[in-house]
Amino acid sequence: MEPVDTRTAPQATLYRSNLAGLERIHEGKVRDIYRVDDKHMLIVTTDRLSAFDVVLPDPIPDKGRVLTQISNFWFARTGAIVRNHLSDIPLGEVVRKREDLALLRDRAVVVRRLTALPFEAVVRGYLIGSGWKDYCKTGRVSGVALPQGLELAERLREPIFTPSTKAAPGKHDENISMTEVNDLLGAELARKVSEASLQLYARATEYARERGIIIADTKFEFGIDEDGKLRVMDELLTPDSSRFWPADTYRPGSSPQSFDKQDVRDYLETLDWGKTAPGPRLPAVVIERTRAKYYEALHRLTGEQPE
């Protein structure tokens, strides 16, 4: 099934960007990255959606705008903890065509080029996902021993830093221990990443809980700038990089609903599909419910409303 053609799709939807005068250097599951110069890149967050490590043919309208606005919201509020990748170069200095500027509104940022660290910095405050699977097998998550008898989705006494590998396309990330991170980065840089990750999570969870959202876990990506300084990069505390649960319905012992693509995953589980590319088309009702979940997260966190 061919992806949506953005030349005929509503302007609110962007499946794949194609910007005049800029070299695209990477296309990820969600983001298109363009070269600006030797020190800067343009990151475009599209409306592509992946599930079970497969990019689906149907986008979620405005998803890229929501992710960008939430990330920028957190970047602005966490600079005292760790620097981020945002530059001060206006989008209009990089993208010249008026049509491209309109298409990229609220979904593109000019960032510093960083040397990315070779793992994802995951913080868990609740026992869910791969952490739950590891706990059931070993009583540990990324080498961190946890008390016996914990339930699915139970809140941990203290958040834990549980890094994971960055898997190749089509593969799954694997949890690794702090010892392995020390070996990769050296003890001093590994400590800085762990401390920054836990501080970011603590700041965000306190804020989000006041607005009815539990951030069960989240993953950060870090890089090193040309001056050797640590910076957080990519996206920050979004429904794509985190598990956001409604606080008013949370109960340990079962997997909570979340402000993300849960409706998509639930629908796909009903299909006779091998979870390999190409992915199946999504019904309109699933697309709209998913769009509404992303916007609810944006509204609760920032007060912004869908246009």
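Here are some worked exercises on this structure, which is a predicted model.

**Exercise 1. The nonpolar cores**

Which residues touch the most other members of the largest nonpolar core?

*Solution.* Start with the general picture: in soluble globular proteins, nonpolar side chains tend to be buried together. Here the largest nonpolar core has 58 residues. Within that core, F119, V193, F220 and F222 touch the most other members. Then look elsewhere: another core, of 13 residues, lies apart from it, and its members include L19, Y34, L91 and V95.

**Exercise 2. A valine in a loop**

Work out whether V30 is buried or exposed, and list what V30 is in contact with beyond its neighbours within four places in sequence.

*Solution.* Next, check the accessibility. V30 has a relative accessible area of 10%, and buried means under 20%, so V30 is buried. Now for the contacts. With neighbours within four places in sequence set aside, V30 is in contact with V44, T45, T46, R48, K63, L67 and D240. Take T45 from that list: it is 15 residues from V30 along the chain, and the two C-alpha atoms are separated by 6.1 Å.

**Exercise 3. How α4 meets α5**

Describe how the axes of helix α4 and helix α5 cross, and name the residues that meet.

*Solution.* Two packed helices are described by the angle between their axes and the distance between the axes. For α4 (residues 178–185) and α5 (residues 187–209), the axes come within 7 Å and cross at roughly 125°. That angle makes the two helices oblique to each other. As for handedness, the crossing of α4 and α5 is right-handed. On the α4 side, the residues are M178, V181, N182 and L185; on the α5 side, they are A187, L189, A190, R191, V193 and S194. Sorted by class, this contact has seven nonpolar, two polar and one charged residues. V193 also turned up in Exercise 1, among the residues that touch the most other members of the largest core.

**Exercise 4. How α6 meets α7**

At what angle do α6 and α7 pack, and which residues make the contact?

*Solution.* Helix α6 (residues 262–269) and helix α7 (residues 284–302) pack at about 150°, with axes 8 Å apart. Angles over 145 degrees count as roughly antiparallel, so α6 is roughly antiparallel to α7. The contact uses D263, V264 and Y267 from α6, plus V286, R289, T290 and K293 from α7. By class, that gives three nonpolar, one polar and three charged residues. Now go back to α6 and pick out its buried residues: Q262, D263, V264 and L268. These pack against β4 (50–51) as well as α7. The loop between α6 and α7 holds P278, and the peptide bond from A277 to P278 is cis, with omega near 0°.

Technical notes: Residues numbered from 1 in each chain as written. Predicted model: local features only at pLDDT ≥ 70, side-chain atom pairs only at ≥ 80, totals over all residues. Heavy atoms only, no water. Core = buried A, V, L, I, M, F, W, Y, C linked by side-chain atoms within 4.5 Å. Buried < 20%, exposed > 50% of the residue type's maximum accessible area, 1.4 Å probe, protein only. Contact = heavy atoms within 4.5 Å. Axes fitted to C-alpha atoms, helices over the stretch in contact; angles between N-to-C directions. Helix = DSSP H or I, 4+ residues; strand = E, 2+ residues; numbered from the N terminus. Parallel < 35°, antiparallel > 145°, perpendicular 65-115°, else oblique. Left-handed = near helix turned anticlockwise from the far one by under 90°. Nonpolar A, V, L, I, M, F, W, Y, C, P; charged D, E, K, R; others polar.
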